[in-house]
Amino acid sequence: METPGVAKCTDFVFPQLKDDSVALVDVIAPPDFILDSPIGRADGELYKNLWSAVLQESKVLERASWWSEFSANKPVIGSLKSKL
């Protein structure tokens with residue numbers, strides 16, 4: 001439960017800190033597991049960490065639920081003519 005004073009403070013302070021957020025994190029220097037950011041780890045393995053984070057989610061390599069609707073009844077290439 002958040003108190004009204006805290007909410008008012010965060011609404012005021014956060015927009016002011018937005019542009020300096022990366023510098024603030026660098027100054028505080030929390031460990032990688034605290035930030036839990038695949039692109040902000042100190043090991044420099046940006047793409048490896050990002051891909052690992054993507055693969056940890058479920059069904060990321062499956063087709064989207066709307067794929068069959070999208071791919072059904074597509075017009076033949078060249079069959080559509082401009083009406084202009």
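Lysine 59 is exposed, with a relative accessible area of 62%, where exposed means over 50% relative accessible area, buried under 20% and partly exposed in between (1.4 Å probe, protein chains only). This residue lies in the loop between H4 and helix H5 (67-71), helices (H or I, at least four residues) and strands (E, at least two) being DSSP runs numbered from the N terminus. Although lysine 59 is not a glycine, its phi is positive, at about 65°. Most residues other than glycine have a negative phi.

The model is a predicted one, in which local features need pLDDT of at least 70 and side-chain atom pairs count only at pLDDT 80 or more, whereas totals for chains, interfaces and linings use all residues. Residues are numbered from 1 along each chain as its sequence is written, and side-chain values use heavy atoms, with hydrogens and water left out.

The secondary structure of the chain comprises five helices and zero strands, which follow one another in the pattern α-α-α-α-α along the sequence. The C-alpha trace spans about 60 × 35 × 30 Å along its principal axes. The radius of gyration of the chain is 23 Å, whereas a compact globule of 84 residues would have a value near 12 Å; the radius is taken over C-alpha atoms, and the globule rule is 2.2 Å times the number of residues to the power 0.38. Of the 84 residues in the chain, 1% are buried.

Over residues 14-71 the chain is 53% helix and 0% strand, with the end C-alpha atoms 44 Å apart.

Helix H2 (residues 21-28) is hardly covered, since the count of buried residues among its eight residues is zero. Isoleucine 28 lies in this helix and, at 64% relative accessibility, counts as exposed. Between isoleucine 28 and glutamine 16, which are 12 residues apart in sequence, the C-alpha to C-alpha distance is 18 Å.

A nonpolar surface patch of about 900 Å² is made by Ile39, Leu46, Tyr47, Leu50, Trp51, Val54, Leu55, Val60 and Leu61. Patches are made of residues with over 30% relative accessible area and no salt bridge, like charges being joined within 9 Å and nonpolar side chains (Val, Leu, Ile, Met, Phe, Trp, Tyr) within 5 Å. Tryptophan 51 is placed in helix H4 (residues 46-55).

The structure holds one salt bridge, defined as a side-chain nitrogen of Lys or Arg within 4 Å of a carboxyl oxygen of Asp or Glu. Lysine 18 forms this bridge with aspartate 19, and the closest N and O atoms are 3.7 Å apart. Lysine 18 is exposed at 57% relative accessible area, and aspartate 19 counts as exposed at 65%.

The structure also holds one aromatic pair. Tryptophan 66 and tryptophan 67 form this tilted pair, with 6.5 Å centre to centre and 50° between the planes; rings of Phe, Tyr and Trp (its six-membered ring) pair if their centres lie within 6.5 Å, and planes under 30 degrees apart count as stacked, over 60 as edge-to-face and the rest as tilted. Tryptophan 67 is partly exposed, with a relative accessible area of 31%.

Methods. Areas by Shrake-Rupley, 256 points an atom, 1.4 Å probe, with all protein chains shown as cover.
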